[in-house]
Each structure stands twice: as C-alpha cells, then as structure tokens.
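Take a look at how two chains meet, and then at what lies inside them.

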Amino acid sequence: MNDIVRELLAKHGSLPVSVDQISDDADLYDAGLSSFASVQLMLALEEHFDVEFPEHLLNRKSFSSVEAIVAALAEITGDQQAA
Amino acid sequence: MTAAGPVTASSLSDRATRVAKSASEWADKVDREARFPAEALSALKAERLMGVMIPAEFGGENASLTEVADICVILGQACGSAAMVYAMHQIQIASLCGYAVGSGWHEDLLRRICDEQLLIGSATSEAGGIGGNLRNSICAIESEGDRIRLEKDATVISYGEASDAIMVTSRRHAEAAAGDQVSTVFMKDQYTLEKTSNWDTLGMRGTCSDGFIFRGEGSKEQILPRPFAEIAAQSMLAVSHLLWSALWYGIAVDAFNRSQSFVKAAARKNPGQTPPGALRVAEAANLLQQIKGNVVSGLKQFEQAKGNPDALNAMSFAVAMNNIKVGTSQSILTVINHCMLICGIMGYKNGTPYSLGRHLRDAHSAQLMISNDRILGNTSNMLLVNKPDPSLAG
Ligand SMILES: Cc1cc2nc3c(=O)[nH]c(=O)nc-3n(C[C@H](O)[C@H](O)[C@H](O)COP(=O)(O)OP(=O)(O)OC[C@H]3O[C@@H](n4cnc5c(N)ncnc54)[C@H](O)[C@@H]3O)c2cc1C
C-alpha cells in the first residue's frame with residue numbers, strides 16, 4: 001500500500017521535491033502539499049482502491065504524512081472487509 | 001499604567017458601546033480624510049479592550065471569540081474602519097494565544113499587550129503574484145546564529161504605521177517550499193516600512209492599508225513555534241472569517257437602523273398610511289436575520305471545536321467558515337442596497353442622518369478581502385469529497 005500511496009503522491013501531490021526524498025513520517029504540508037493537491041490525491045486514492053473517504057477522515061491530519069495516509073486507507077479497507 | 005480595575009468592572013458590551021459612541025462621532029471624518037481612526041483606538045485602549053481575549057494569567061480577561069465578535073458588531077455599527085482595525089488586531093491575538101503559549105518571548109508579548117494596550121498589525125499579502133493567497137510566501141527568513149532578518153514586499157499592511165508590532169508570514173528559510181511558512185512578530189523598533197503604495201480606496205479608508213517594503217531584524221525566539229500552516233488552518237482562517245463577518249454584519253445593522261428610522265419618521269407624519277419603504281424594511285430585516293443566524297452558528301461551531309485539532313482541521317469546518325465569509329460579504333450588499341432604496345436621495349447624499357454612502361463603500365471591500373472567487377475555488381475543491389451535514393441538531 002505504501003508504494004501505491006507514494007506513486008499516487010508523486011503523480012497528484014504537485015510537490016516541489018521528489019517523493020523518494022520524503023520519509024514516511026515527514027510532514028507533507030511542510031513539504032509543499034497544498035489543500036488543492038491533497039484533495040486531488042484523495043480522489044486518486046478513492047479511484048484506485050474503489051473506496052470513499054468517510055467524513056471523519058476528511059481532515060488535514062489524514063493527509064499529513066505518507067504514514068497517515070496509509071493508516072487512513074487501512075482503516076477504510078479494514079472497515080470494508082469487516083462489513 | 002492606568003488602573004485596570006474600574007474600567008474592567010463594567011461589561012464588555014458596555015465598554016464597547018462607549019467606544020462606539022466616540023468612533024461614530026469621527027467616522028465620517030476618518031472616511032473622508034482616509035486617516036487612521038485614532039480617537040476610536042484611544043477609546044479602545046482607555047476601555048482596555050485590546051487584550052481581552054488573552055488568558056488572565058497574562059493579564060487578559062479570557063474573553064471568548066463570541067464576546068469579541070459581539071464587540072466587532074457594536075463597533076461595526078459606528079465606524080467600519082475602526083471595527084476592522086480592532087478585528088484584525090484580535091485575529092493576531094487569537095494566533096498568539098493559541099500557538100505561542102509556552103514560548104517565553106511571546107508570553108512576555110501577551111503581557112505587554114495587556115499592560116500597554118499594544119496594537120498588532122499583520123503582513124500576509126505579498127507582491128509577486130501571491131496576492132491574497134496567504135498560504136504561500138516568496139520572502140524567507142535569513143538567519144545568522146540567533147539573529148534573523150526578513151524583507152517582505154507587502155502589498156497591504158493595514159494600520160502599518162500605527163502598529164506597535166507586526167506579525168509577518170514568510171518561508172521558514174531560503175530553501176523552504178512556498179507553503180513551508182512561519183509567522184514572526186517584529187516590534188516597532190525592529191523594523192522599517194518603506195511605503196510603496198497609498199491606500200486611497202472606495203471604502204474602509206480609515207484602515208490605512210498602505211503597501212510597504214517591510215524590513216525587520218530580530219531574534220529567532222520571535223518566530224511563532226508552530227508552523228503557519230497549522231495556525232492558518234486551525235485559527236486564522238476561521239477567526240478572520242468570523243470576526244470580519246461580525247463587523248460587516250454591524251455595518252449592515254447600522255444601515256438598517258437608518259432606513260428604519262427613515263420609514264418611522266414618514267409613518268409619524270402620516271398616521272394611518274403605511275410608508276412606501278415599509279415593505280423593504282421587512283425584506284431587509286429578513287436578510288439581516290439570515291446573516292445573524294449564519295454568524296451565530298459559525299461562532300457556535302468554532303467554540304465547540306476550539307482546542308480540538310481534529311475538529312478544527314476537519315474539511316467540513318473549513319467549508320462552513322468559508323461559507324460564512326462568502327455569504328455575509330454578499331448579503332450585506334443586498335441589505336444596504338434595500339436601505340438605499342428606502343431612504344432614496346437622503347441615503348445617497350452625504351451628511352444626512354440617513355446617509356448610506358460610507359456603509360455601502362465599506363461593505364464593498366468584504367468580497368475582495370481574500371477574494372470570494374479564491375475562497376469559492378477552495379471550497380469547490382473540498383466539495384469534491386466533502387458532503388455537507390444536513391442535520392439541524394449538530
Ligand atoms: C480593508 C482591507 C484590509 C486589508 N488588510 C490587510 C492586512 O493588514 N494585511 C494583509 O496582509 N493583507 C490585508 N488585506 C489584503 C487581503 O488580505 C487580500 O490579500 C487582498 O484583499 C487580495 O488582494 P488582490 O485582490 O489584489 O489579490 P488576489 O488574491 O491575487 O486576487 C485578485 C483577483 O484575482 C482573482 N483570483 C486570484 N486567485 C484566484 C483563485 N485562486 N481563484 C479564483 N480567483 C482568483 C480574483 O478574482 C481576485 O479578485 C486587506 C484587504 C482589505 C480590503
């Protein structure tokens with residue numbers, strides 16, 4: 001999942017630096033992720049995993065790092081498996 | 001220092017009402033001459049209203065944002081420019097209280113703001129294509145050991161020359177990304193302002209929002225400890241939209257009061273006949289109630305979310321705050337226009353008890369103060385994923 005998140009981040013994050021240079025826990029907003037790009041990334045993730053981010057994850061924190069995005073996705077896909 | 005006791009014994013709204021009395025006496029002159037509302041500011045200081053939102057441990061009065069918004073409504077009815085100066089100052093205070101407590105330098109500043117009733121300005125807007133996109137900066141902090149230096153081509157700094165300190169956004173360092181920003185407070189004796197443009201505008205003339213090249217020098221500890229991204233998302237945007245909306249609502253309230261007295265005077269002259277403007281007064285009152293409802297619900301949402309980063313960072317919260325700003329800035333123009341139709345020439349003319357020119361001109365700034373188009377652009381982006389909550393109970 002981490003690899004796919006990084007691939008989509010590279011494609012949709014419009015970051016001024018290469019994604020390889022960003023550690024899993026680095027703050028993506030500090031790295032230059034705009035709120036516009038974070039929504040584009042969210043849409044790409046929804047499309048790729050065929051999921052929908054629930055209201056409580058539509059939060060700056062969910063997209064604050066690669067780690068946080070992976071955790072949010074794990075929560076959503078976990079929920080769906082449980083359903 | 002004046003004794004704080006006797007003044008602070010009366011309620012915040014009584015104190016604000018006394019300030020408003022003085023502000024309204026000078027409002028037309030401030031507007032005509034595009035000069036700083038100095039009388040209103042002295043009254044605000046005499047009533048010790050500059051630091052009310054600061055925690056009591058630093059000398060403030062723990063006032064809530066709702067209480068400060070109410071002061072803005074009272075001032076807005078008297079002088080739009082004075083109210084805007086007060087609101088902008090309080091936006092800086094909210095950032096300092098929420099995101100700098102624990103930093104000795106800033107805690108001392110909070111104490112000084114209360115003791116000396118200091119006025120804090122803001123420089124977010126920048127030349128070079130940044131405009132009102134406050135989440136991006138071109139200028140950057142240069143540091144040498146503990147010393148820092150900052151130069152900013154600031155397109156608009158309201159009351160820049162009257163400020164005792166200015167809070168300036170910039171990139172964290174020369175290599176930082178445009179959005180990797182910090183906010184730094186510089187005291188008056190630490191900076192120079194080279195004027196680059198003159199604030200000769202349609203309205204809000206007394207805010208004296210000239211453009212300047214800001215050149216400041218200070219020490220590293222003056223940088224707010226939290227990233228500006230966090231301060232903007234959790235405090236500054238919401239507080240700006242709420243306090244601005246509160247004073248804009250106040251401007252519309254005063255326009256409404258004038259048109260209501262106009263109709264009432266006509267009704268008295270011809271008892272038994274409903275004056276022609278009466279229906280429009282009802283329409284204006286209806287709109288005014290919607291604006292009030294919008295601001296009140298926003299303040300309630302803010303007070304509930306306060307101190308809870310998850311709630312303040314939620315997309316639904318940002319969408320709600322954006323809507324309050326866009327909605328209020330549009331509706332006040334409709335209200336004031338109704339009032340103008342009610343009062344006719346007496347409203348259009350300057351110097352009558354029903355004059356509405358200043359109100360209308362001041363109100364026109366609301367849509368541009370962080371352009372509504374820019375805000376709607378951000379909101380529309382969030383609405384690609386966020387679904388508005390239809391519940392009335394929430
Ligand atoms: C009374 C008053 C006091 C102020 N005081 C201060 C102050 O003390 N400190 C400070 O820093 N600033 C201050 N400002 C400036 C304010 O915060 C904004 O920066 C400013 O109003 C925006 O200026 P602009 O219209 O030139 O720039 P821009 O934001 O660049 O907008 C220009 C126009 O371009 C269009 N536009 C630009 N970007 C977009 C987009 N993304 N989407 C859609 N349309 C877009 C809009 O139509 C907009 O009208 C003040 C403004 C006012 C009116």
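Contact here means heavy atoms within 4.5 Å. This is a predicted model. By that cut-off, 18 residues from chain A and 18 residues from chain B make up the contact. Together the two chains bury about 1500 Å². Carbon and sulfur atoms account for 49% of that area. Three residues stand out on the chain A side: A:Asp30, A:Leu58 and A:Arg60. They supply 36% of the area that chain A buries against chain B, more than any other three residues.

Now the polar side of the contact. Nine residue pairs are in polar contact between chain A and chain B, both partners at pLDDT 80 or more. The side of chain A that touches chain B has eight nonpolar, four polar and six charged residues. Two salt bridges link the chains. In a salt bridge between side chains, B:Lys387 meets A:Glu52 at 2.5 Å, N to O.

Next, the interior. In soluble globular proteins, nonpolar side chains tend to be buried together. The largest nonpolar core holds 105 residues. Which of them touch the most other members? They are B:Tyr86 and B:Trp248. Helix H7 of chain B, residues 228-269, gives the most to this core, with 19 residues.

Beyond its neighbours within four places in sequence, B:Trp248 is in contact with B:Met84, B:Met204, B:Lys325, B:Thr328, B:Ser329, B:Ile332, B:Ala366 and B:Met369. Another core, of 31 residues, lies apart from the largest one. Its members include A:Tyr29, A:Phe63 and A:Leu73 from chain A, and B:Met382 from chain B.

Technical notes
Residues numbered from 1 in each chain as written. Chains lettered and ligands numbered in written order. Predicted model: local features only at pLDDT ≥ 70, side-chain atom pairs only at ≥ 80, totals over all residues. Heavy atoms only, no water. Buried area = accessible area lost by both parts, 1.4 Å probe. Salt bridge = Lys/Arg side-chain N within 4 Å of Asp/Glu carboxyl O. Polar contact = N/O pair within 3.5 Å; in protein donor to acceptor, adjacent residues only side chain to side chain. Nonpolar A, V, L, I, M, F, W, Y, C, P; charged D, E, K, R; others polar. Core = buried A, V, L, I, M, F, W, Y, C linked by side-chain atoms within 4.5 Å. Buried < 20%, exposed > 50% of the residue type's maximum accessible area, 1.4 Å probe, protein only. Helix = DSSP H or I, 4+ residues; strand = E, 2+ residues; numbered from the N terminus.
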